[in-house]
Amino acid sequence: MAPGHTIPMIDIARQFARNGAKATIISTPLNASHFSQTIERDRENGLEISVSLIEFPCQEAGLPEGCENLSSTTTPEMSLNFCRALDLIQEPVEILLRESHSDAIVAGFFFWWADDIARKLNIPRLQFYGTGFFPMCIMHTLKEHKPFENVGSDYEEFVVPGLPDEVKLTRRQLPEETKDEGKSPLAETLRKIVASQSTSLGIIVNSFYELEPAYARHYKEVTGRKAWHVGPVSLFNKSNMDKTHRGLENSSSDDDDCLNWLNSKKPNSVVYVCFGSMAIFSAAQLLEIAKGLESSGQEFIWVVREKVKDDGDGDWLPDGYESRIQGRGLIIKGWAPQVLILEHEAVGGFVTHCGWNSVLEGVAAGVPMITWPLSAEQFFNEKLVTQILKTGTPVGAQEWTKRTDDRREAIKGDDIEKAVVKVMVGEESERMRIRARELGDMAKRAVEKGGSSDADLKSLMEEIRNYHP
Ligand code: UDP
């Protein structure tokens, strides 16, 4: 129950329905308000898709009322309580599944207990991790071989062994729970998640074969798990209405303004800057971003989440900034229609935190990236973009931090400027753009009828039909 997971899962549920399945999305009232209009439109268009609601046990879990999404948590304690709350909804979910006579359940990996329900009902459970094969291969190898234990310091690089390419990381770039598995406050939950891997039918991956063929094969070989790549799932959204409403939160932006603005710009002239749904930045970091974008001389759209603003409106902007950048920069405070923006021909670069969805949406749109990983598995995703696909350049972030920790050292405006210019201007930029465009074309072919992802989704549905426990 975080946008980076629910948004692609809703795309997948809708695609199941388009392929003839009856799909039920289980959600909570506040979360459902972000997509119920879209599902209603699908129903009007004849799809068998619906939403079933359960109450989220905020009070029982010690969360403030209305905290139904991980993105609403602002401290590590809240995030922990949120994860605990997920365990409390097992029973209502089981009741719903019994009532709906479901033939299969697709659940995010955090819902380890979905396997217990599936076993009781004799139906298959599929896991959704929200990330790709490349990062999953790295995570698997780190867990199995712990290469980070053989280095002398947090700054020394180590090679992730056994991968199809040489990938180097430092301890500083690793998620906390990877290094200190046993000590993590979520250790028990993580153990249950791992146990549920061996009992679930397999995983659904928001990726496409041509993006990471060696890793799609490697993952299946080393884990022995079944995996179906069905993405990029953002491409299932065909109409502008679907794209605009995808993941839309209450604080909506003015999408027409944004499109009109983009329509007035030359092809590949605008940098789109967005750090996903979860990132929290300090005012000092926002100031550096503002400076870097201004001094880069490039036109830009910069999405700033309302909740990251510290004290007072606009305090984080340099004096007179908004009037100086008028016409050249557009700041969206709130939720942006990311897929719509990325697909616009005026957009020529994407400053991204390397959340998997954003990476894949950037790939699907054929846009080169400036990579700025923060937390989760984002440092692994950065390696895919900059070293394997070679469609991006790093801004220079080196240190993994908890999402709720805004004390990380700020990346300087100068470094932001350099990375932006490298992706937008010059020969290397052109080379990246050509490769990015090729990948974008491959992504579109993958989800078309007969493409690799379309075929994998159909073979998954066939496997579910023929399932015998
Ligand atoms: N997103 C969006 N508008 C915003 C911020 C985010 O549409 O203003 C979407 C984005 O397109 C992506 C998802 O939210 O589908 C974020 O997922 P990602 O994995 O990139 O990052 P996370 O939010 O999980 O860190």
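Student: Where is the place of cysteine 354?
Tutor: In this predicted model, cysteine 354 sits in the loop between β12 (347-352) and α16.

Student: Is cysteine 354 buried or exposed?
Tutor: Cysteine 354 is buried, because 30 other C-beta atoms lie within 10 Å, and 20 or more are enough for that label.

Student: And what is its phi, the one of cysteine 354?
Tutor: Cysteine 354 has a positive phi of about 70°, although it is not a glycine. Most residues other than glycine have a negative phi.

Student: What about the phi of asparagine 268?
Tutor: Asparagine 268 also has a positive phi, of about 55°, and is not a glycine. Its place is in the loop between α12 (255-263) and β9 (270-274). Asparagine 268 is partly exposed, with 17 other C-beta atoms within 10 Å.

Student: Turning to the ligand, which residues come nearest?
Tutor: There are 20 residues around the ligand, and Gly4, Gly276, Ser277, Gly355 and Ser358 come nearest.

Student: Which helix gives the most to that shell around the ligand?
Tutor: That is α16, with four residues. The elements that each supply at least two residues of the shell are α1 (3-18), α15 (338-343) and α16 (356-364).

Student: How do the residues of the shell divide into nonpolar, polar and charged?
Tutor: The shell around the ligand has 10 nonpolar, eight polar and two charged residues.

Student: Why does the ligand lie between the domains?
Tutor: Domain 1 (3-235 + 446-465) and domain 2 (252-444) both give residues to the shell, so the ligand lies between them.

Student: How far apart are the C-alpha centres of domain 1 and domain 2?
Tutor: The C-alpha centres of the two domains lie 25 Å apart. Their contact takes 36 residues from domain 1 and 28 residues from domain 2. On the side of domain 1 that touches domain 2, the elements giving two or more residues are α1, α4 (76-87), α7 and α19 (427-447). The residues of that side of domain 1 divide into 18 nonpolar, 13 polar and five charged.

Student: Now helix α10: which of its residues are buried?
Tutor: In α10 (residues 213-223), the buried residues are Tyr215, Ala216, His218 and Tyr219. They cover an arc of only 165° around the axis, so they are on the same side of α10.

Student: What do the buried residues of α10 pack against?
Tutor: They pack against α7 (133-145) and β8 (227-229). Glycine 224, which follows α10, has a positive phi, near 70°.

Student: One last topic: where is proline 232?
Tutor: Proline 232 lies in the loop between β8 and α11 (240-245). The peptide bond from glycine 231 to proline 232 is cis, with omega near 0°, whereas most peptide bonds are trans.

Technical notes: Residues are numbered from 1 along each chain as its sequence is written. This is a predicted model: local features need pLDDT of at least 70, side-chain atom pairs count only at pLDDT 80 or more; totals for chains, interfaces and linings use all residues. A residue is near a molecule or strand if its C-beta atom, placed from the backbone, lies within 6 Å of it. Ala, Val, Leu, Ile, Met, Phe, Trp, Tyr, Cys and Pro count as nonpolar, Asp, Glu, Lys and Arg as charged, and the others, Gly among them, as polar. Domain bounds come from an automatic or database domain assignment. A residue is buried if 20 or more other C-beta atoms lie within 10 Å of its own, exposed if 12 or fewer, and partly exposed in between; C-beta atoms are placed from the backbone. The arc is that of the directions from the helix axis to the C-beta atoms. Two residues are in contact if their C-beta atoms, placed from the backbone, lie within 7 Å.
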